[in-house]
Amino acid sequence: MQTSAHQQNASVVMAVTGRLDAVTTTEFDQDCAQYSSEKLILDLSGLEYVSSAGLRGILSVAKKMKAAGGSLSLCGLSGLVLEVFTVSGFDNFLPIFEDIEKACAGNA
Amino acid sequence: MPLSRTFEAKIAVIDSLIEFVGDFATEQGLPPKRSLPLQLALEEAVVNICNYAYSAPNGEIEVKLEHDGNRLTVELWDEGIPFDPLATEAPDLSASLEEREIGGLGIFLIGKMMDEVRYRREGKNNVLTLIVSNNP
């Protein structure tokens with residue numbers, strides 16, 4: 001699992017690649033911590049795999065961000081990652097966009 | 001031909017356990033698109049054993065593999081306290097961000113990813129069986 005973030009207009013876009021699992025989720029939480037009060041978009045187009053541990057990490061980040069006045073949205077989900085997010089009902093409380101442009105437009 | 005290997009029951013073994021099962025699955029012709037769902041079910045099952053079945057360290061998980069030409073059967077044996085993951089309550093999938101809790105999601109995902117999941121208590125062992133077909 002690797003992350004890299006950049007500012008794009010009003011949003012911070014963080015690309016998360018590789019595997020978000022029971023081993024790597026702690027690192028993901030730490031990488032997100034500095035953006036708690038931002039409009040953070042997670043670009044998951046390079047994410048191959050996510051487990052319930054990864055979902056737990058994303059839920060925890062979303063709750064912290066809401067408390068800190070930030071917001072979290074996701075984009076670029078496909079394959080197993082898209083399936084896991086939707087069957088778990090995470091699309092009920094997290095905005096999910098097709099790509100970075102649409103996610104940024106949502107934060108404008 | 002049945003195959004088995006024993007792993008320490010800890011989160012750090014998940015990658016090597018997944019590799020052990022994945023190598024066998026590939027040899028037996030499980031299609032690549034079934035690979036990630038299988039990996040997910042294995043991770044969730046091992047995390048559950050580590051978190052619930054064993055209260056003390058030094059537990060073990062024995063993995064037994066069998067393939068009948070169309071279906072891969074993975075049995076996970078542990079000697080922890082009796083724990084039937086299939087008897088746990090289903091998560092509330094419609095909860096809002098504030099109300100959302102994460103418990104039960106791992107088991108729920110195993111059920112979504114596998115064609116069949118069974119639990120039995122055999123002697124002093126929990127046995128979780130995961131079945132995935134070449135052609136679902």
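**Exercise 1. Find what the buried residues of H3(A) pack against, and which face of the helix they line.**

Step 1. The buried residues of H3(A) are in contact (heavy atoms within 4.5 Å) with elements of two chains: strand S4 (47-50), helix H2 (52-67) and strand S5 (71-75) of chain A, and helix H2 (35-53) and helix H3 (105-113) of chain B. Helices (H or I, at least four residues) and strands (E, at least two) are DSSP runs, numbered from the N terminus.

A note before you go on: this is a predicted model, in which local features need pLDDT of at least 70, side-chain atom pairs count only at pLDDT 80 or more, and totals for chains, interfaces and linings use all residues. Residues are numbered from 1 along each chain as its sequence is written, chains are lettered from A and ligands numbered from 1 in the order in which they are written, and side-chain values use heavy atoms, with hydrogens and water left out.

Step 2. Look for Leu80(A), Val81(A), Val84(A) and Phe85(A), the buried residues of helix H3 (residues 79-87) of chain A. Buried means under 20% relative accessible area, exposed over 50%, and partly exposed in between (1.4 Å probe, protein chains only).

Step 3. Down the axis of H3(A), these buried residues fall within an arc of 130 degrees, so they line one face of the helix. The arc is that of the directions from the helix axis to the C-beta atoms.

Step 4. Follow the chain just past H3(A): Gly89(A) has a positive phi of about 80 degrees.

**Exercise 2. Trace the five-stranded sheet of chain B and the helices lying across it.**

Step 1. The sheet is open, with antiparallel pairing and the order S1-S2-S3-S5-S4. Two strands pair if DSSP finds at least two bridges between them.

Step 2. At the edges stand strand S1 (3-8) and strand S4 (116-122) of chain B; each has a single partner strand, so one side of each is left without a neighbour in the sheet. From one strand to the next, the twist averages 20 degrees.

Step 3. Six antiparallel bridges join S1(B) to strand S2 (residues 60-67) of chain B. Arg5(B) stands opposite Val63(B) in S2(B).

Step 4. Helix H1 (residues 14-27) of chain B lies across S1, S2 and strand S3 (71-78) of chain B, at about 10 degrees to S2(B). H2(B) lies across S2, S3 and strand S5 (125-133) of chain B, at about 15 degrees to S3(B). Axes are lines fitted to C-alpha atoms, for helices over the stretch in contact, and angles run from 0 to 180 degrees between N-to-C directions.
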